[in-house]
Amino acid sequence: MLKFLKGVVAGSGTGLKDLPYNIGDPYPSAWGSWSHFRGTSKDDGSPVSIFSLTGSNPQDGHLAAGRNGVKRLRTVRHPNILSFLHSTEVESFDGPCPKVTIYIVTEPVMPFSEKIKELGLEGKQRDEYYAWGLQEVAKAVSFLNNDCKLVHGNVCMSSVVVTQTLDWKLHAFDVLSEFDGANATATGPMLQYEWLVGLQYKSMELANTDWATIRKSPPWAIDSWGLGCLISEIFSGTKLGKTEELRNTASIPKSLLPDYQRLLSSMPSRRLNTSKLIENSEYFQNKLVDTIHFMEILSLKDSVEKDTFFRKLPKLVEQLPRQIVLKKLLPLLASSLEFGSAAATALTALLKMGSWLSAEEFSLKVLPTVVKLFASNDRAVRVALLQHIDQYGESLSAQVVDEQVYPHVATGFADTSAFLRELTLKSMLILAPKLSQRTLSGSLLKYLSKLQVDEEPAIRTNTTILLGNIASYLNEGTRKRVLINAFTVRALRDTFSPARGAGVMALCATSSYYDMTEIATRILPNIVVLVIDPDSDVRSKAFQAVDQFLQIVKQCNEKSNAGDTADAGSLGISSMPGNAGLLGWAMSSLTLKGKASDQAPVATANSVTPATITTSTSSPGLIETPSTAPVHRVSSSTDFADQPMAPSPTSTDGWGEIENGIHEEHDSDKDGWDDIEPLDEPKPSPVWKYSCGSEASCFTTSFSA
């Protein structure tokens, strides 16, 4: 029976070699006679803390108290009490005398004094952090005293440790005992191991071992005194040397001073209950405490409170201690987003905090949450992810994008909200380079083929721009099949003049992918027609494009005449001026969203004059059409979440149709451009004059170097 009870206290291990943890370097300080070591799990290498207590005599009082501490720590559980993982007791022989060592394994923590030195907080930020930590310790003490009717007996700076998330945890339970105030006949000591407590931490009645007075006092009397000692130590920055030092209140914050004095009342019955300290003290009311408290009870808040809180959070975190934000608030926020308790607006705050991390830490602490959010069906979350994709997209690996991100993002191509379709389209600028050829050809190009005939002129225009940007990521066969058809037959014949201008610029930017036959028979005939386009900017671009492609043909002819046939057909964009800005435009379209101008021009190919390319109607600047032109209303960004999700209508423009079941047809080579044939006499469609007004907002861009 005794052997069984010893096993319960000592744990499952039979010796140090059976301890499933590696013992590392020691910390310079620990409570009492214990030693505190860093450690790691032998299974997965996760960090832990290992406490050891050694005695030369199995009946040593320190060992008996240590066994009491192991038992208490194992059985008492609370968020602000150190988490127990494992324990064992090892007996060894050092000469003729046996030596017994008790090991306790807990969550990874640091001694309070060491962590405070490491943080180096000062002024207001230090006081806010101390308020939060003291509140956590006070909650642990209140739980022991009021809920469990237990007395810790030695609350002080050495009995507090700090976790990796900077939480303060109470430990050192060697002295802990039941409060037996109801036992009027008891005469012996209530705290069996009170002799372990330093005299400077003992209240008057405990120092005098006046057990009768202690039993008549409230359960919190001894620990309230200890909490006062802790407050004195943390604000003075040194351990308490003698009881008289408690009278020095110069370092105690004024808002905490009245409660500090009540905790250290000479009359045990008048000492402040720690639960009242938490509820009433003005000291605990600050931005850090309120922010963490809100995050911890987020599931109890309504949607309005959450939305208001998360809209203010990005600015609020700038005022809080940076290390606490990254180690405490960031994990809380990431967890809340993953499990759906946080609003979509929280993503802005998450990415702002993530921007303060190193690239490696960002990949470990932020990206996993972001990737999981792509599976959300909440439109608000999807929009938030796409709006901020430039902040994290480059950090995503190609495999993650291809297998986990893109399948969810692609649903936005067929969304009924033009705003979401446009955001999805623009996100491809960052995601497309990370997609496999199978996904590019088998899925993405099918969606882009359909978006090129979208009802929104802004989306049609930006689809052409995107195709020009991702052309380098397509294989040669796909480029031959898609680019000329997409840019000439569709873009150059669009009724929207910026779309025609985008088609001209896209052709110029991808000129290195066309041979002389294609330039002479398919590209130049289609561009020449645009030199009489009703829109002056389109005409200007057409003239410059004609000059560019004629220059390519001339250079090819000169090389052929000189006998250099090897390079005759390889002239490309690198040799022609004014085409390096295409990728720059697409990047600008992500950052200049909502800029309006008075007209809808498209920039010339060799200047930095801004072009005006449209976006969906969620932006402030809009384009108006005359009453004779068809007007398509697009939902604004404020009501997209209320619209039902449905696939876009099938294209019927005669240039090619998208088959149903896009995701299931990855093996198909049909991408929507295969059946497009060039017309013998391409003519531009009639164009309406547009001005920035009420139908689609404008984007400012440069297509030149």
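These legends go with a set of close-up views of one predicted model.

Because the model is predicted, local features need pLDDT of at least 70 and side-chain atom pairs count only at pLDDT 80 or more, while totals for chains, interfaces and linings use all residues. Residues are numbered from 1 along each chain as its sequence is written, and side-chain values use heavy atoms, with hydrogens and water left out.

**View 1. The whole chain, before zooming in.**
The chain holds 26 helices and 14 strands. Both are DSSP runs numbered from the N terminus: helices are H or I with at least four residues, strands are E with at least two. Of the 705 residues, 54% count as buried, where buried means under 20% relative accessible area, exposed means over 50%, and partly exposed is in between (1.4 Å probe, protein chains only). Take contacts between residues at least 6 apart in sequence, and 71% of them join residues at least 24 apart; a contact here means heavy atoms within 4.5 Å.

Domain 1 (21–107) and domain 2 (111–281) both give residues to the lining, so the largest cavity lies between them; the domain bounds come from an automatic or database domain assignment. Helix 2 (61–75) and strand 5 (97–106) each put at least two residues into this lining. By type, the lining splits into 9 nonpolar, 3 polar and 1 charged. Nonpolar covers Ala, Val, Leu, Ile, Met, Phe, Trp, Tyr, Cys and Pro, charged covers Asp, Glu, Lys and Arg, and the others, Gly among them, are polar.

**View 2. Helix 13, wrapped up by other helices.**
Helix 13 (residues 346–354) has 7 of its 9 residues buried, so it is largely enclosed by the rest of the structure. The buried ones are A346, L347, A349, L350, L351, M353 and G354. What do they pack against? Look for helix 11 (303–316), helix 12 (322–338), helix 14 (359–365), helix 15 (367–373), helix 16 (379–387) and helix 17 (389–392).

**View 3. L320, a buried loop residue.**
L320 sits in the loop between helix 11 and helix 12. With a relative accessible area of 3%, L320 is buried. Leaving aside neighbours within four places in sequence, L320 is in contact with Q125, E128, K287, L288, T291, V325 and L329. E128 is 192 residues away along the chain, yet the two C-alpha atoms are separated by 8.6 Å.

The search of the whole structure finds 0 disulfides, a disulfide being a pair of cysteine sulfur atoms within 2.5 Å. C229 is a case in point: its nearest cysteine sulfur, that of C156, is 8.0 Å away. C229 is buried, at a relative accessible area of 0%. C556 also counts as buried, at 9%.

**View 4. K42 in its loop.**
K42 is in the loop between strand 2 (35–41) and strand 3 (47–55), and at 43% relative accessibility K42 counts as partly exposed. Not counting residues up to four places away in sequence, K42 touches K17, L19, P20, Y21 and N22. K42 and Y21 are 21 residues apart in sequence but 5.1 Å apart in space, C-alpha to C-alpha.

**View 5. Two loop residues with positive phi.**
K149 has a positive phi of about 55 degrees although it is not a glycine. K149 is in the loop between helix 4 (123–147) and strand 7 (150–151), and is partly exposed at 41%. T209, also not a glycine, has a positive phi of about 45 degrees. T209 is in the loop between helix 5 (204–207) and helix 6 (211–216), and is partly exposed at 38%.
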